[in-house]
Amino acid sequence: MATGPSLMMMRMVTVLYLATPGPWMMMVRGETPGVVSTSCCSQVFLSSSATLSTTQSGVLGIYTITSQKIANNPHPVYIKQNKGQDFYLYFRQNEAGGPQGWIVGPQLLEDSFYITTQNSASACPGGIYGGFDSDDLTRDDTFSIECHSDQVKIDCCPTVTINSEGSLGTKQGAVMGDYSKVGDFNGHTRYQGGHANTTLFYRKSGHGPDGWMIGMGLEENSFIVTTRDKSYCPDVVMVGYDRNKEQEDDTSFRITCQASTPVLSQDPGIPVTPLKPLETLSAQKSISSSARETLLSSACFRILVITYLLVLRMAEE
């Protein structure tokens, strides 16, 4: 058995060997088969503005990572839960053939697909551009998968005012007025207000008029006013559309931020109004004229008495 300096040298060589990149480092990074990697985004957003936005609009939108695992598959599984139907985004690797890589389907490990990417090189789905329809032939270059977060990253105005001097002011006048922040939705501030108590929120469905819109609730396919403006806050919107009619745009439509007025408290040691400068102060009468005459007479009488007493004293001497 090695001892002393020899043992120390062996330990140093072992440490250097393990620190060198190799297959064991892939295991440390979570690439062990059957272990889901935690380096991928917890949520992703699937969107399209071309073919897939029409043929597969229902499967677009926001997907959330799940705890589900596929045997011998290190990639995460994502799900979008809809009423009556769930959709899965997962990495398909099947020796029997068929689409490989990241796909969207109704169930895991089935030979039924809505969208395929033919991308089997990416460990995570975020950052994939281009997708194919269910025939695995019709390509949509506008399709993308991007990371998404429900966390509100920018604090928008707490109160906004919606107004229009054009067609929307007449056709959709009930949604005009003041709106107050009531929460968040899709990673953006959500507002409630107007004459009809409507909701101003950020639509993120992956197809159609995504961006700031006004509706009766958070139903993303029930439009009253759409803007197609994807700015982080709504106070930069410069145009509005009656429902989802692109030809009926109103360029006078505005969403403006209301600046909050601070409430100032008065320090008891500071006067409410500033004092007049000394040079602007006019002479103020401190006593009345009659009182001044009385004081003068009294002073003269005292002087006479003192003078008389002095004269008597000098005469006696």
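Predicted model: local features only at pLDDT ≥ 70, side-chain atom pairs only at ≥ 80, totals over all residues.
Two strands count as paired if DSSP finds at least two bridges between them.

View 1. Zoom in on strand 9 (residues 159-163), which runs antiparallel to strand 17 and is joined to it by 4 bridges. Here Ile-162 has Ile-255 of strand 17 as its bridge partner.

**View 2. The largest nonpolar core, with 19 residues.** Ile-162 turns up again here, listed with Tyr-179, Leu-200, Ile-214 and Phe-253 as the residues with the most contacts inside the core. Strand 9, strand 12 (198-203) and strand 13 (211-215) each give two or more residues to this core. Beyond its sequence neighbours within four places, Tyr-179 is in contact with residues including Pro-158, Ile-162, Tyr-191, Leu-200 and Ile-214.

**View 3. The largest pocket, with a volume of about 600 Å³.** Look for Ile-62, Lys-80, Gln-81, Asn-82 and Glu-220, the closest to its centre of 24 lining residues. Strand 3 supplies the largest share of the lining, 4 residues. By class, the lining has 5 nonpolar, 12 polar and 7 charged residues.

**View 4. The second largest pocket, with a volume of about 330 Å³.** Of its 20 lining residues, Phe-45, Ser-47, Gly-206, Asp-210 and Lys-230 are the closest to the centre. Strand 8 gives the most to this lining, with 3 residues. The lining divides into 4 nonpolar, 10 polar and 6 charged residues.

Technical notes: Residues numbered from 1 in each chain as written. Heavy atoms only, no water. Core = buried A, V, L, I, M, F, W, Y, C linked by side-chain atoms within 4.5 Å. Buried < 20%, exposed > 50% of the residue type's maximum accessible area, 1.4 Å probe, protein only. Contact = heavy atoms within 4.5 Å. 1 Å grid on protein atoms, 1.4 Å probe; cavity = no way out; pocket = protein on both sides within 12 Å on 5 of 7 lines; lining within 4 Å. Points joined across faces, edges and corners; volume = space filled by probe spheres on them. Nonpolar A, V, L, I, M, F, W, Y, C, P; charged D, E, K, R; others polar.
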